[in-house]
Amino acid sequence: MKPAGGVRGFLAPAGGFGVTLSNMFRPTVTEEYPSEKVPAKPRYHGRHQLNRYADGLEKCIGCELCAWACPADAIYVEGADNTPDNQRSPGERYGAVYQINYLRCIFCGLCIEACPTRALTMTNEYELAGPTRTGMIWEKQDLLAPLRSGMLAAPHPMVEGTTDTEYYRGEVTGPTEAQQAWVREHRPDDPTLPEGEGVDAANVQLSDAATTAAEMARLVAAANKQGSR
Ligand code: SF4
Ligand code: SF4
């Protein structure tokens, strides 16, 4: 391109600096991520969460509707029957295997719309990178909501005299003494019992059970080593 001559050419550098100068006095909009994390908007579609009822039972009933609704085929669910010794959710079935493949997920939210029990919701958490492809498949224990204060860790029986309908209606507001007695008989060391260490200790146990990305990387490395023999 032919350079501008005369007065226009003489003033061109000043025009360029003018743009710089006018921007120097505007508020800074650069986000210093990751050292400073800006909270996402309240309705941001981030990582999924599998929720619990107020008494600690899981809301997921293993119906697979979320998996069928997913356009990216990112969810895999296997349901199983609740039994008197292993009641994990109200009603007949619970989600025994639950996986979300975050290499496929496009965060559209169709799965949470399809869920009939509001078991599946999306959090604001957006830091979902990982060192391995296998580690990007999140398991049920990675997705399950932490126990809140007052909850009793599953499995345990449903509240006496209730059906899954009362749970769906939100009429169960916390564990009963009968549920606590059942847990005391079957898991006397459970930290979520009133005399136990509390939900914080229980959540530490649960997060230890969750397969972290680092653990996944170790497992993949071990599997690759076996495969190369
Ligand atoms: S957010 Fe969309 S793509 Fe991701 S698991 Fe749910 S339905 Fe599938
Ligand atoms: S998360 Fe909801 S839709 Fe998916 S299997 Fe569980 S209950 Fe069914």
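Reader: Which residues are the closest around ligand 2, and how many surround it?

Author: In this predicted model, 14 residues surround ligand 2, and the closest of them are Cys60, Cys63, Cys66, Cys115 and Leu120.

Reader: And how does that shell divide into nonpolar, polar and charged residues?

Author: The shell around ligand 2 divides into 10 nonpolar residues, 3 polar residues and 1 charged residue.

Reader: Which residues does the UniProt "binding site" annotation cover?

Author: According to the UniProt record, which is an unreviewed entry, the "binding site" annotation covers Cys60, Cys63, Cys66 and Cys115. These residues are spread over 56 residues of sequence, and yet they cluster in space, with a largest C-alpha distance of 10.4 Å.

Reader: Let me take two of them separately. Where is Cys63 found, and what is it in contact with?

Author: Cys63 is found in the loop between β1, residues 48–50, and α2, residues 65–69. If its neighbours within four places in sequence are left aside, Cys63 is in contact with Gly79 and Pro116.

Reader: Is Cys63 buried, exposed or partly exposed, and why?

Author: Cys63 counts as partly exposed because 17 other C-beta atoms lie within 10 Å of its own, whereas a buried residue would need 20 or more.

Reader: What about Cys66: where is its place, and is it buried or exposed?

Author: Cys66 has its place in helix α2, and it counts as buried because it has 24 C-beta neighbours inside 10 Å. Leaving aside neighbours within four places in sequence, the contacts of Cys66 are Ile75, Val77, Cys111, Ala114, Cys115 and Leu120.

Reader: Which residues have the most contacts inside the largest nonpolar core?

Author: The largest nonpolar core has 18 residues, and those with the most contacts inside it are Leu50, Cys60, Cys66, Ile75, Ile100 and Leu143. Strands β2 and β3 each supply at least two residues of this core, and the largest share, 3 residues, comes from β3. There is also a second, separate core of 13 residues, which includes Leu57, Leu152, Met158 and Val159.

Reader: Switching to the other ligand, which residues are the closest to ligand 1?

Author: Ligand 1 is surrounded by 13 residues, of which the closest are Cys70, Cys105, Cys108, Leu110 and Cys111. The shell around ligand 1 divides into 12 nonpolar residues and 1 polar residue, with no charged residues.

Reader: How many helices and strands does the chain come to?

Author: The secondary structure of the protein chain comes to 8 helices and 5 strands, and along the sequence these follow the pattern α-β-α-β-β-α-β-β-α-α-α-α-α. Of the 229 residues of the chain, 22% count as buried. Among contacts between residues at least 6 apart in sequence, 71% join residues at least 24 apart.

Reader: In what order do the strands of the open sheet come?

Author: The open sheet is formed by 3 strands in the order β2-β3-β5, with antiparallel pairing. Its edge strands are β2, residues 75–81, and β5, residues 137–138, each of which pairs on one side only.

Reader: How many bridges join β3 to β5?

Author: Strand β3, residues 93–101, is joined to β5 by 2 bridges, and the two run antiparallel. Asn101 stands opposite Ile137 in β5.

Reader: Now the backbone geometry: which peptide bonds are cis?

Author: Most residues other than glycine have a negative phi, and most peptide bonds are trans. Here, a cis peptide bond joins Tyr33 and Pro34, with omega about 10°, and the place of Pro34 is in the loop between α1, residues 6–24, and β1. The peptide bond from Ala154 to Pro155 is also cis, with omega near 5°, and Pro155 has its place in the loop between α4, residues 140–143, and α5, residues 164–168.

Reader: Which residues have a positive phi without being a glycine?

Author: Glu64 has a positive phi of about 75°, and Phe107 has a positive phi of about 55°. Glu64 lies in the loop between β1 and α2, while Phe107 lies in the loop between β3 and α3, residues 110–114.

Reader: Is Glu64 buried, exposed or partly exposed, and why?

Author: Glu64 counts as partly exposed because it has 16 C-beta neighbours inside 10 Å. Phe107 also counts as partly exposed, with 16 C-beta neighbours inside 10 Å.

How values were computed: Residues numbered from 1 in each chain as written. Chains lettered and ligands numbered in written order. Predicted model: local features only at pLDDT ≥ 70, side-chain atom pairs only at ≥ 80, totals over all residues. UniProt positions renumbered as here; feature names shortened; annotations may be inferred. Helix = DSSP H or I, 4+ residues; strand = E, 2+ residues; numbered from the N terminus. Buried ≥ 20, exposed ≤ 12 C-beta atoms within 10 Å, placed from the backbone. Contact = placed C-beta atoms within 7 Å. Pairing = 2+ DSSP bridges. Near = placed C-beta within 6 Å. Nonpolar A, V, L, I, M, F, W, Y, C, P; charged D, E, K, R; others polar. Core = buried A, V, L, I, M, F, W, Y, C linked by C-beta atoms within 7 Å.
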